[in-house]
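Please look over the sequence and the model shown here, and then read the short briefing that follows.

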Amino acid sequence: MQLKKYPIELFGDKTKTVHRKHKIRYISPIQFEQQQNANICGYTDLRLRKSKKHKEPIGVLSDNESDISYVYSTRSKTAAIKGYIKLKDTENKYIAITSNSILPWLLILLALLLLILISILSFCNKQHPESPIFRPNIEHNTGTNEEEENEAKGIQVRGFTTWSIPANTSKNLSIPLENPEGNPCYFSFEILLTDTGEVIYSSDMVPPGEKISSINITREFDAGDYPATIKIKTNELITGKEMNSPAIQIIIHVS
């Protein structure tokens, strides 16, 4: 069956060379909207190879010399219209030029990446529920220090009054900073000098049943006694909501 010929007219301010020998002219989609009573007779991807995305072509776009491309009655769902070719000896009849749009594929790719990210985050949460960041030297609680129970919140705090450290050193200092097992919250410890308010140590969250056995502080001390306060910030295990913040008054004994 011989296909219908669609002769083109040299009309429009835009040009394109097809198959290295056919020079066509066309108008933009904006200019097409400005045409009076303009009609679309078909669609072309400017190829003489049949597209798998279309049914059989309804005709062939041609100039005075030879065929240029197939013409189809519809366009694919992912195709964008680049411009319009005016047909020769017709009243405002055009063939739309289509090109594959990458936008739908980009949207699909972004959606897949989002699903992968959600899956990874979900997997990580299942593998590490309630996973705060911890300092080195956190170990399971084996101490038997005296307990001070907070009746209002059910929070237990193991207290001490003196912290003995060597002079002129700030690294790997032994200290019993502990979150007793059974507490409904994380502990975050902060040590500051009572006289100046200088913070010499801050920890990350420690879960119930674990403790910090040694720390690095921000400065060294000469021999002597230094009043200090250990502030304990508490956060609920599930919601992370702040609870009350107990404080322990101690003496840092430096020798």
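Helices (H or I, at least four residues) and strands (E, at least two) are DSSP runs, numbered from the N terminus. The model is a predicted one, in which local features need pLDDT of at least 70 and side-chain atom pairs count only at pLDDT 80 or more, while totals for chains, interfaces and linings use all residues. Residues are numbered from 1 along each chain as its sequence is written, and side-chain values use heavy atoms, with hydrogens and water left out.

**Loop residues with positive phi**

- Most residues other than glycine have a negative phi.
- N92, in the loop between β7 (79–86) and β8 (93–100), is not a glycine and yet has a positive phi near 55°.
- N92 counts as partly exposed because its relative accessibility is 23%, where buried means under 20% relative accessible area, exposed over 50%, and partly exposed in between (1.4 Å probe, protein chains only).
- N172 lies in the loop between β12 (162–165) and β13 (173–179), and has a positive phi of about 50° although it is not a glycine.
- With a relative accessible area of 57%, N172 is exposed.

**Strand β13 and its partner**

- β13 is largely enclosed by the rest of the structure, because five of its seven residues are buried.
- β13 pairs with strand β16 (residues 210–215) in the antiparallel sense over five bridges, and two strands pair if DSSP finds at least two bridges between them.
- E178 has K211 in β16 as its bridge partner.
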